[in-house]
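Good morning, colleagues. Please bring the sequence and the three-dimensional view up on your screens, and I shall then go through a few local features in turn.

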Amino acid sequence: MATVSPTPLLKDELDIVIPTIRNLDFLEMWRPFFQPYHLIIVQDGDPTKTIKVPEGFDYELYNRNDINRILGPKASCISFKDSACRCFGYMVSKKKYIYTIDDDCFVAKDPSGKDINALEQHIQNLLSPSTPFFFNTLYDPYRSGADFVRGYPFSLREGVPTAVSHGLWLNIPDYDAPTQLVKPLERNTRYVDAIMTIPKGTLFPMCGMNLAFNRELIGPAMYFGLMGDGQPIGRYDDMWAGWCTKVICDHLGWGVKTGLPYIWHSKASNPFVNLKKEYKGIYWQEELIPFFQSVALPKDCTTVQKCYIEISKQVKAKLGKVDDYFNKLADAMVTWIEAWDELNPSGDISAKIPNGASK
Amino acid sequence: MSLAIKDDEVDIVIGALRSDLTIFMNEWRPMFSRFHVIIVKDPDLKEELKIPEGFNLDVYGKPDIDQVVGSSTSILFSGYSCRYFGYLVSRKKYIISVDDDCLPARDPKGFLVDAVAQHISNLTNPATPFFFNTLYDPYAEGADFVRGYPFSLRGGVKCALSCGLWLNLADHDAPTQALKARQRNSRYVDAVMTVPARSLIPISGINIAFEREAVGPALVPALKLAGEGKCRWETMEDIWSGLCVKIVCDHLGLGVKTGLPYIWRTDRGDPIASLKKEWEGVKLMEEVIPFFQSVRLPREATTVEECIIEVANAVKGRLGSMDPVFARAAKAMLDWVKLWQSVGSSSSRSSAV
C-alpha cells in the first residue's frame, strides 16, 4: 500500500441511478463529478409529467409506462409512488457498478472546506478489499496513512471483495419519524473521517440515499421491496435490501463498508407523513431483525440468486404469519429474480463459499 | 445521558516500565489529579521511580507483588503485565490505564483531549452490540439512532470496556512499522462505536478503560511470548487479554467500545530490532484468532470467573499441545481467577443484564 495511485474513473463501468418525482436540478451541483458517467433515471409517479434533465448528461429515463412495457406482468414487483422504484434502474443497467443517490442530496464539504467527490470515494471503497472477519481498530487498513494494527492476523490481511459501499450524510440525518419528531432541529455536523467494514454476522440499517455497489456481485440482492402505492409500508425499501444483501454477503464471503463519503442531505421530509409510512415497520422490524439474524443459508446456495430465493422461502415460512404483506413480498422477491435473470441472461456470479474462515 | 460518577469510583493504573515518570505525570496532571493513581513498577526495573508531587498515589513494586501474590503462581507481573497487579489490588469501580510512553493528544481544534473523561463517558453510556448504528455512538451529542434501528435495542447494554486509539505512533506490529518507518497516525476519527457482538478485535492495552466490577477477572495477564520484551512490538499479552474480555462480554451481554479517546504515543524503540522478537507473536495469532472465533461458552457460565475458567480449559485442550506458551497461558488464567477471588474484589460479579 506504498503509493497512492489515482482512483480510476470507471466511467464506462459505472451507472448512476437516480429516482425522481420532481426535477433533477441537483445534478447541476454534481456536474463536475457526474458528467463523465451514464445516468439511469427512474421517474416515479405520474408518467405524463416530463422530467427535465440538465444539458450535457448522458442518460436513459424510465417512467412507469416504460417499466410496465419492459417487465410486463413482472412489473408488479416494482414499487409505485416510492423511491424504491430505483431498483428497476439496477436491473436494466449493463454496468459493473452502480451508484445511487437521492435528488435532495448535494455535494458536501470536508472539514478543510474542500468539495467532496463522493463518487470517487465510493469507487475507492469498492475497489479496495473489505475485512469482515476481524475488526481493525484503525478502520480501513487500505487507506493511505493507515494499516492493520498489532494483533491482526496476517492471513486475514488480503481481505475479501467489497460488494457494497454505504455512504453517510451531513446536515439532515437519516432518522426515523419518531426521532425526527423529537429532534426536529438536529443536524449532523460530525464528520467522521473513517471507512470501515461491517463485521460478518452483524446487521445494519442500509440507507439508499448515498450508496454504491458492485452490481455484478450483489445486484440481484438489491431489491427494494414493495413500498408506496397500495402497500402498507414505506421507508423500509433500503432497509429490506440492506438486510438481504448483508446476509448474502456474509454467506458468500464479500464485504460491506460504511462511512465516507458524506453527501449533504438538504431536505427533511415531513415527519408526520413519514410516521404514517413507517408505522407498521417500526413494529415489524422487531420481528424482522431476529429473522435476518437467524437466517441460515445452505451451502448449496452458491449464487446470489439462489441465496435470494432461499431467503424469500424463509420470509414466507416465518414472516407470513406476522402479516400477509410478507407473503406478497416473498412472491415479489421471486418475481424480481425472474425479471433480473430475464434482463441479465449472461449468467450469475458464482462465489466459492469461503471455507475455514470463522463462524 | 451518562451516569454521573464520583471521583472516588476511578483508579488510574499505570504500569511503569521506565523509571522517570516526571514528564508523563506532569503532562497528565490536569486529567489525573482528581483521581487516585496506582503505579506499579515493572519488577525488572532496577532504578528508583521518579514521580512528581501532588498526586493521590499508591506505588507498588516487586516486594509488594511478591508479598501479595506469593511464589506459587505462574503469573508473571513483569513488563507490561505489571499493570494487572494494579487491577488486582484496586478497589474502585472503573479503571483507566495508559502506557507510560503516552501523553495527552490534541484534537483537530487544538484542544487537549481529556482521555480520562472520554473513557468515563464511554463506560457510563450504554453500548449497542446487537445492531450496527451507522452514525456510530447514538448517545453522543448531536447524534442518535438511525432509521431502521430497532426500538427494542435502543436501550443498549452496559459498556464494560473502552478501547481508545493513538495519534503519532499507532499500534502497528513490528513488521508493519518497520516497513512504513516514517508513517505516523495523524487521522483523528471523531467517533466512538460499539464493537458488534461476536466480532473480535485486537484490543490494544496502550489506552484502555474498563469497569473492574463488571469484567475485572477477564483481563488476564496470561500470554507471555518467549521473547517478550519492553516494547509493545514485543508483546501480545494485551491482545490475548482483550480477546478473552470480548468473548466474555459477548457471552454475558456486555459491550465493548472502540474509538475516542486518542492519546499521543511518543516515538520509542526500533521496530526492526523488535521484529525478531515479535515474529513469534505474529505467528501465534494465526492460531489464536481461529481459536477465539470458535470458542463457545456454556450457558451455565454466568460469571466472569466461570467464563475465564472455561476459556482457560479450552486453551489447554485445544492449543496447549501446539505451543508451550499456550499451556502456560491457560495455567496463568486459572491462577489469575484464583488470585482474583482471594485478593481481588471480595464479591464475585455476576453477569450484568
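In the unreviewed UniProt entry, the annotation "glycosylation site" covers Arg147(B). Please bear in mind that we are looking at a predicted model. Arg147(B) sits in the loop between α4 (115–124) and β6 of chain B. Is Arg147(B) buried or exposed? Its relative accessibility is 5%, and Arg147(B) therefore counts as buried, the cut-off being under 20%.

Which residues does Arg147(B) touch, once those up to four places away in sequence are set aside? The list comprises Asp174(A), Tyr175(A), Asp176(A), Pro205(A), Cys207(A), Arg235(A), Asp238(A), Met239(A) and Glu278(A). For Arg235(A) there is a further detail: its backbone oxygen lies 2.8 Å from a polar atom of the Arg147(B) side chain.

I turn now to backbone geometry. Most residues other than glycine have a negative phi, and most peptide bonds are trans. Against that background, consider Tyr139(A), which is not a glycine and yet has a positive phi of about 65°. Tyr139(A) is placed in the loop between α4 (118–127) and β6 (162–171) of chain A. With a relative accessible area of 4%, Tyr139(A) is buried.

In chain B, Asn168(B) also calls for a remark: its phi is positive, near 75°, and this residue is not a glycine either. Asn168(B) belongs to strand β6 of chain B, which covers residues 159–168. Asn168(B) has a relative accessibility of 8% and so counts as buried.

Where are the cis peptide bonds? In chain A, such a bond joins Leu260(A) and Pro261(A), with omega about 10°. Pro261(A) is part of strand β9 of chain A, residues 255–265. In chain B, a cis peptide bond links Leu260(B) to Pro261(B), and omega is about 10°. Pro261(B) lies in strand β9 of chain B, residues 255–265.

My last topic is helix packing. Two packed helices are described by the angle between their axes and the distance between the axes. In chain B, the axes of helix α3 (residues 82–89) and helix α10 (residues 324–343) come within 9 Å, crossing at roughly 35°. From α3(B), the residues Tyr84(B), Tyr87(B) and Leu88(B) meet Trp336(B), Leu339(B), Trp340(B) and Val343(B) of α10(B). What classes of residue make up this contact of α3(B) with α10(B)? There are 7 nonpolar residues, no polar and no charged ones.

I thank you for your attention.

Note on methods:
Residues are numbered from 1 along each chain as its sequence is written. Chains are lettered from A and ligands numbered from 1 in the order in which they are written. This is a predicted model: local features need pLDDT of at least 70, side-chain atom pairs count only at pLDDT 80 or more; totals for chains, interfaces and linings use all residues. Side-chain values use heavy atoms; hydrogens and water are left out. Helices (H or I, at least four residues) and strands (E, at least two) are DSSP runs, numbered from the N terminus. Buried means under 20% relative accessible area, exposed over 50%, partly exposed in between (1.4 Å probe, protein chains only). UniProt positions are given in the numbering used here, feature names are shortened, and annotations may be inferred rather than shown by experiment. Contact means heavy atoms within 4.5 Å. A polar contact is a pair of N or O atoms within 3.5 Å; within protein, one must be able to donate a hydrogen and the other to accept it, and residues adjacent in sequence count only if both atoms are side-chain atoms. Axes are lines fitted to C-alpha atoms, for helices over the stretch in contact, and angles run from 0 to 180 degrees between N-to-C directions. Ala, Val, Leu, Ile, Met, Phe, Trp, Tyr, Cys and Pro count as nonpolar, Asp, Glu, Lys and Arg as charged, and the others, Gly among them, as polar.
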